[in-house]
Amino acid sequence: MDLFDIKGWKAIVTGGTRGLGHGVAEGLLEAGAKVVIFGTSAKVEKVAADFRERGFDCQGLMVNVASHEERVAGFNKAVELLGGLDIIVNAAGIQRRHPCEEFPLEDWNDVIEVNMTAPFELSQLAAREYLKKETPYGKIINFASMLTFFGGFTVPAYAASKGGVAQFSKGMTNELAGKGININCIAPGYMDTEMNTALTDPNNPRYKEITDRIPAHRWGTPNDVKGLAIFLSSHASDYINGAVIPCDGGYLVK
C-alpha cells in the first residue's frame, strides 16, 4: 500500500470549490496530502476553512485562472504556502452552449482560455518547479472529458478545449516523462454536477438517452474521481505517462 501513500505530499487543485475539483481535493486531503485549492470567488476561503475544520491541511486562494497574471501569481503563492509542490490537478473548467453556427467568438475565447490555455500554463509552471528538485519528480493531472473523444452538441468550444488538453498533455509527456514527471488526464463521463444541470433535467430528452447508454446505470459523482486522482498522484502511477483515462461508468464501451 506504500505505492498509494501520498501523506504529506503537496498539491494544487484548481476549481477546488465545487464539482469534480472539490471531489479531487477532498480525496487528496483524505489521503493525507496538503492541498491549496483555487477558486474564483471568496467561497474558496469558506471551502478551505470547512476542510480545515475536518482536520485537513487545506488553504484556499482566490484565483481567476482566465487571467495569465492571476494564475501565475496564484501558482507562486500556492508553492510558497505549501513549501514546494508534488502534484497539480487542473480541474477548473467552464461551459458555454450555443448552436455551432451561432457560437459567439467571445464565448469561444473564454472557454479556450480557461479550459485549455490555463491548464497548459499551469502544467508548464509545475514542470519547472519539479525540475528544480535535486531528483526531478512530480505529477500533473489534467481534466479531459468524454468530449475529448466525441463532438457533443452545442459545445464546439468545450469539445475543442478538451481535445486540446489531451493532446498538449501527450506532447508534454514526450519531453518530460524521461525527467521524472508524469502527465496524465482524467476523462470524466457524464457527471451529476453543476456544469451539467442543463442535461440532468429529467425533462431533457438527452438525460434518458445518456443514462440508458451508461452500463453502470447512473451518472457519476465527484466521489467517483477520488480513487483515480489518488492513483495518478502516487508512486503507483510512476510508469503511466500520457494516458487519457475514462471515468465514465462504461459509457465509452457501449
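Helix 1 passes helix 8 in a right-handed crossing, a term used when the near helix is turned clockwise from the far one by less than a right angle (left-handed if anticlockwise). This is a predicted model, where local features need pLDDT of at least 70, side-chain atom pairs count only at pLDDT 80 or more, and totals for chains, interfaces and linings use all residues. Residues are numbered from 1 along each chain as its sequence is written, and side-chain values use heavy atoms, with hydrogens and water left out.

**Helix packing**
- Helix 1 covers residues 19-30, and its axis lies 8 Å from that of helix 8, at an angle of about 60 degrees. Helices here are DSSP runs of H or I with at least four residues, and strands are runs of E with at least two, numbered from the N terminus.
- Axes are lines fitted to C-alpha atoms, for helices over the stretch in contact, with angles running from 0 to 180 degrees between N-to-C directions.
- The angle makes helix 1 oblique to helix 8 (under 35 degrees is roughly parallel, over 145 roughly antiparallel, 65 to 115 roughly perpendicular, and the rest oblique).

**Aromatic rings**
- The count comes to eight aromatic pairs. Rings of Phe, Tyr and Trp (its six-membered ring) pair if their centres lie within 6.5 Å; planes under 30 degrees apart are stacked, over 60 edge-to-face, and the rest tilted.
- Tyr190 and Trp219 form an edge-to-face pair, 5.5 Å centre to centre with 65 degrees between the planes. This pair links distant parts of the chain, 29 residues apart: Tyr190 is in the loop between strand 6 (181-188) and helix 6 (197-200), and Trp219 is in the loop between helix 7 (205-213) and helix 8 (226-233).
- Tyr190 is buried at 12% relative accessible area, and Trp219 is buried at 7%. Buried means under 20%, exposed over 50%, and partly exposed in between (1.4 Å probe, protein chains only).
- Tyr207 and Trp219 form a stacked pair, 5.5 Å centre to centre with 25 degrees between the planes. Tyr207, in helix 7, is twelve residues from Trp219.
- Tyr207 is partly exposed, at 27%.
- One aromatic cluster is formed by Phe150, Tyr190, Tyr207, Trp219 and Tyr251.

**A charge over a ring**
- The charged end of Arg213 sits over the ring of Tyr251, 4.1 Å from its centre. The rule asks for NZ of Lys or CZ of Arg within 6 Å of the ring centre and within 35 degrees of the ring normal.

**Ser67**
- Ser67 is in the loop between strand 3 (58-62) and helix 3 (68-82).
- Ser67 counts as buried, at 16% relative accessibility.
- A polar atom of the Ser67 side chain lies 3.1 Å from the backbone nitrogen of Glu70.

Technical notes
Polar contact = N/O pair within 3.5 Å; in protein donor to acceptor, adjacent residues only side chain to side chain.
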